[in-house]
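Subject: Structure for you to look at

Dear colleague,

I am passing on the structure below, together with some notes on what I found in it. Please read them with the model open beside you.

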Amino acid sequence: MSDTDFNQYFFEIKKGKPLKKLLTDLCKTLQPYVPLYKCWAKELLYAFRDITYKSTFCLQKNLTLKNVYVSEIGIKVYLKKIKFGEQRDNNLDYHMHFESQMLKMYAKLLIEMLTNRNDSQASESTEATLEKL
């Protein structure tokens, strides 16, 4: 069942709950000074770093809180249901553009975690906040 032209990857199926659903069901937002928020923000940063520097494929859709899953005990976060597209270009300009997109997505996720607004509301306020920065 092996082929020299293809690599096969097997990943453990991680269980968890979508962070968007948790925040919506509890009608809560996270506070930036809470250690759990800092822990999740760090884990998400590592995930975005891995996608940016270790993946050779583009994302078909932007990542949102609907893609962020929290493990059963609440410490670990996972990105799930990500759609990858075509293989990325290797030139520096394209990489810088992709890196910029990933940073914007990360910032939008952090702001959405703090505000618990839906995608359209969060994107409007996030764009305004990012422009101020």
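The second largest pocket is lined by K17, L19, L22, L23, L26, K28, L30, L36, W40, V70, S71 and E72, and about 210 Å³ of space lies in it. A pocket here is an open set of points on a 1 Å grid over the protein atoms alone, where a 1.4 Å probe fits and protein lies on both sides within 12 Å along at least five of seven lines, and a lining residue has an atom within 4 Å of a point; the volume is the space filled by probe spheres set on the points, which are joined across faces, edges and corners. The elements that give two or more residues to this lining are α1 and α2, and α1 supplies the largest share, four residues. Helices (H or I, at least four residues) and strands (E, at least two) are DSSP runs numbered from the N terminus.

Before going further, please note that this is a predicted model, in which local features need pLDDT of at least 70 and side-chain atom pairs count only at pLDDT 80 or more, while totals for chains, interfaces and linings use all residues. Residues are numbered from 1 along each chain as its sequence is written, and side-chain values use heavy atoms, with hydrogens and water left out.

Helix α1 has L19, K20 and L23 as its buried residues, where buried means under 20% relative accessible area, exposed over 50% and partly exposed in between (1.4 Å probe, protein chains only). Seen down the axis of α1, these residues fall within an arc of 105 degrees, so they line one face of the helix; the arc is that of the directions from the helix axis to the C-beta atoms. The face turned away from the buried side carries the exposed residues D25 and L26, whereas what covers the buried residues includes β1 (17–18), α2, β3 and α3. K20 is buried, with a relative accessible area of 12%, and its side chain is joined to that of E112 by a polar contact of 3.3 Å, that is, a pair of N or O atoms within 3.5 Å, of which, within protein, one must be able to donate a hydrogen and the other to accept it, with residues adjacent in sequence counting only if both atoms are side-chain atoms.

The largest nonpolar core has 22 residues, among which L19 and M113 touch the most other members; such a core is a set of buried Ala, Val, Leu, Ile, Met, Phe, Trp, Tyr and Cys residues joined through side-chain atoms within 4.5 Å. At least two residues of this core come from each of α1 (19–26), α2 (35–54), β3 (68–70) and α3 (92–115), and α3 gives the most, with seven. Leaving aside residues up to four places away in sequence, L19 touches W40, L65, V68, Y69, V70 and M113, a contact meaning heavy atoms within 4.5 Å.

L30, in the loop between α1 and α2, is buried at a relative accessible area of 13%. With the same exclusion of residues up to four places away, L30 touches L23, Y37, W40, M113 and L114, and its C-alpha atom is separated by 7.6 Å from that of T115, 85 residues apart along the chain.

Finally, two backbone angles deserve a look. C27, which follows α1, has a positive phi near 55 degrees, and K81, which is exposed with a relative accessible area of 67%, also has a positive phi, near 55 degrees.

Best wishes
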